[in-house]
Amino acid sequence: MYNFKGFLQELSENSNIPFNLMTEDGILMYQCGEKFKDSERLEVQVILGKQRAKLILHVKNENCTSLLKFYIENKYRELFNVREQIFIDILEGKGLASEKLDKNFPFLSQGCTLFLVSVDGSKYEALNIIKQIYNEQDIISMIYNEHILVIGHFEEVGEHAQSIRETIISNLYCRCYISYSEEAFEALDIKRAYEDAKECMLIGKKFEIKSEIYDYNDMVFEKTVHNISAKTKDEFLHKFKSIFNSFDSEMINTIEEFVNCGLNISEAAKKLYIHRNTLIYRLDKIAKDTGYDIRDFKQATIFIIAFLVWKESR
């Protein structure tokens with residue numbers, strides 16, 4: 001965490017009081033290296049933002065607990081609550097001095113990415129998992145409105161998004177969606193990145209994009225369909241709705257995989273775990289039922305627009 005672990009180490013060394021600090025969820029925030037026997041162990045509750053933690057030390061240092069608790073809670077507020085509030089001010093369009101940004105967000109000069117994380121389960125449990133993943137890195141993670149926000153400098157953005165999603169799913173057994181936009185280098189970029197990621201999340205869920213990781217720059221087609229006039233959407237639905245409603249889940253999955261594979265038959269067949277000829281048979285059936293052969297680019301374009309409009313309407 002941002003300078004917090006270093007502060008805890010310095011506090012322990014300067015006071016000559018070994019201690020450990022652990023969140024109520026069992027995340028070790030600092031360990032002095034010394035083990036305390038149960039008979040000599042003292043635990044004191046500390047409040048760190050919206051979470052509780054345990055300060056663990058030797059019973060002989062009981063007289064120092066109030067002072068240690070005060071220093072730790074104050075420093076946490078200084079480092080985290082202030083940064084979170086500054087971040088909220090950015091998202092809400094409040095002006096900030098550049099030196100304030102440089103001090104609190106040193107990673108901004110390198111370019112930072114804002115992830116928007118949405119879960120079907122507990123946001124607070126998911127946030128704790130994210131904090132554990134990036135325990136020693138200069139990353140901000142917080143809950144804002146209905147989403148979890150994660151912001152920092154990431155070398156491989158897609159890999160980090162995948163890692164966050166997989167870790168949350170494996171621990172909470174719930175669905176997890178992540179969206180993100182281009183890198184941000186200043187306050188206005190951060191606000192734009194947030195708005196883009198929010199739009200991206202909305203569109204990704206509406207169109208049920210399979211990966212559940214939504215990159216704003218890869219969703220040009222979906223954004224275009226999303227912004228088609230209501231009149232045009234109604235025309236597509238009038239023509240295609242009953243046909244798409246008649247398709248079973250196997251046929252819907254075939255359409256999605258074929259489109260995701262760039263209309264490549266061999267690649268789509270591998271993804272679907274079916275023989276190439278089986279896929280061709282299904283594509284022939286789609287052409288017969290709809291009048292559109294999605295192996296042809298122009299016909300596929302109209303078909304995909306209609307398919308997305310149908311998905312959006314469900």
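Begin by selecting strand 1 together with strand 4 (residues 51–58): five bridges join the two, and they run antiparallel. The model on the screen is a predicted one. Within this pair, locate Asn 20, which stands opposite Ile 56 in strand 4.

Strands 1 and 2 form a hairpin with four residues between them. In the turn, select Gly 26, whose phi is positive, at about 90°. Is strand 1 mostly covered or mostly uncovered? Strand 1, which spans residues 19–23, is mostly covered, with four of its five residues buried.

Now turn to charged side chains. Side chains of opposite charge can pair when their charged atoms come close. The structure holds 17 salt bridges, and three of them are visited here.

Select Arg 41 and Glu 43. They form a salt bridge in which the closest N and O atoms are 2.9 Å apart. Arg 41 is partly exposed, with a relative accessible area of 33%, and Glu 43 is partly exposed at 40%.

Move on to Lys 210 and Glu 257, a salt bridge whose closest N and O atoms lie 3.3 Å apart. Lys 210 sits in the loop between helix 6 and strand 9 (213–215), while Glu 257 belongs to helix 9, so the pair ties together parts that are 47 residues apart in sequence. Lys 210 counts as partly exposed because its relative accessibility is 39%, whereas Glu 257, at 13%, counts as buried, the limit for buried being under 20%.

Then select Asp 293 and Arg 295, whose side chains meet in a salt bridge of 2.9 Å, N to O. Salt bridges that share partners also join Arg 165, Arg 175 and Glu 212 into one network.

Finally, select helix 12 (residues 297–313). Its 17 residues reach 24 Å from the first C-alpha to the last, close to the 24 Å expected. What caps its N-terminal end? Asp 296 does, with a side-chain oxygen 3.2 Å from the backbone nitrogen of Lys 298. Along the helix, colour the buried residues, among them Phe 303, Phe 307, Trp 310 and Lys 311. To see what surrounds them, display helix 6 (187–206), helix 7 (220–226), helix 8 (230–246), helix 9 (249–260) and helix 11 (276–290), against which the buried residues of helix 12 pack.

Conventions: Residues are numbered from 1 along each chain as its sequence is written. This is a predicted model: local features need pLDDT of at least 70, side-chain atom pairs count only at pLDDT 80 or more; totals for chains, interfaces and linings use all residues. Side-chain values use heavy atoms; hydrogens and water are left out. The expected span of a helix is 1.5 Å times one less than its number of residues. Buried means under 20% relative accessible area, exposed over 50%, partly exposed in between (1.4 Å probe, protein chains only). Contact means heavy atoms within 4.5 Å. A polar contact is a pair of N or O atoms within 3.5 Å; within protein, one must be able to donate a hydrogen and the other to accept it, and residues adjacent in sequence count only if both atoms are side-chain atoms. Two strands pair if DSSP finds at least two bridges between them. A salt bridge is a side-chain nitrogen of Lys or Arg within 4 Å of a carboxyl oxygen of Asp or Glu.
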